[in-house]
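Open the structure in your viewer and keep the sequence panel beside it. The tour goes from one selection to the next.

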Amino acid sequence: MKGLSDREACLYAGIAPSTLYEYCKDKPEFSERKELLKEQVKMRAKLNVANLIERRDIDLSLWYLERKAKDEFSKKQEVEHSGGIENKLDLSGLSVEELRKLANSDSEST
């Protein structure tokens, strides 16, 4: 229920992983329930975010949109570059400001 991996849960519970795996093999319904419970922490986090957004938390709303609606709200622009193999450079993680600095430094050096 805390979102731990099987190995972490075994350490937390003070049992060997082999004990857990044998029990899961004998009790498939327990194994299914265990996998569902692993998702509980992530689900609660999503609900927390949704509840704060419903309370009109503007900063959190913007943070959410930047990640979930990147095409409309991302602060970074995606750049597609088509060039030869020698020109392959991943610029997708750069901000507009960083791209401008690169463009300016390139024009200054020529």
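Start by selecting α1 and α2 in this predicted model. Helix α2 covers residues 17-26, and its axis crosses that of α1 at roughly 110 degrees. The two helices are therefore roughly perpendicular to each other, as angles of 65 to 115 degrees are counted that way. Their axes come within 9 Å, and the crossing is right-handed.

Now show the side chains where these two helices touch. On α1, pick D6, R7 and C10; on α2, pick P17, L20 and Y21. By class, this contact has four nonpolar and two charged residues, with no polar ones.

Which residues meet between α2 and α3? From α2, select L20, Y23, C24, K25 and D26; from α3, select P28, F30, S31 and K34. L20 is already on screen from the contact with α1. The contact of α2 with α3 divides into five nonpolar residues, one polar and three charged.

Is the crossing left-handed or right-handed? α4 passes α5 in a left-handed crossing.

To see what touches, select V49, L52 and I53 in α4, then L60, S61 and Y64 in α5. Five residues of this contact are nonpolar and one is polar; no charged residue takes part.

How much space lies in the largest pocket? The answer is about 330 Å³. To find the pocket, select M1, K2, A9, K34 and L37, the closest to its centre among the 16 residues that line it. K34 was also part of the contact of α2 with α3.

Colour the pocket lining by element. The largest share comes from α3, with five residues. Colour the lining by class instead, and it shows nine nonpolar, two polar and five charged residues.

How values were computed
Residues numbered from 1 in each chain as written. Predicted model: local features only at pLDDT ≥ 70, side-chain atom pairs only at ≥ 80, totals over all residues. Heavy atoms only, no water. 1 Å grid on protein atoms, 1.4 Å probe; cavity = no way out; pocket = protein on both sides within 12 Å on 5 of 7 lines; lining within 4 Å. Points joined across faces, edges and corners; volume = space filled by probe spheres on them. Helix = DSSP H or I, 4+ residues; strand = E, 2+ residues; numbered from the N terminus. Nonpolar A, V, L, I, M, F, W, Y, C, P; charged D, E, K, R; others polar. Axes fitted to C-alpha atoms, helices over the stretch in contact; angles between N-to-C directions. Parallel < 35°, antiparallel > 145°, perpendicular 65-115°, else oblique. Left-handed = near helix turned anticlockwise from the far one by under 90°. Contact = heavy atoms within 4.5 Å.
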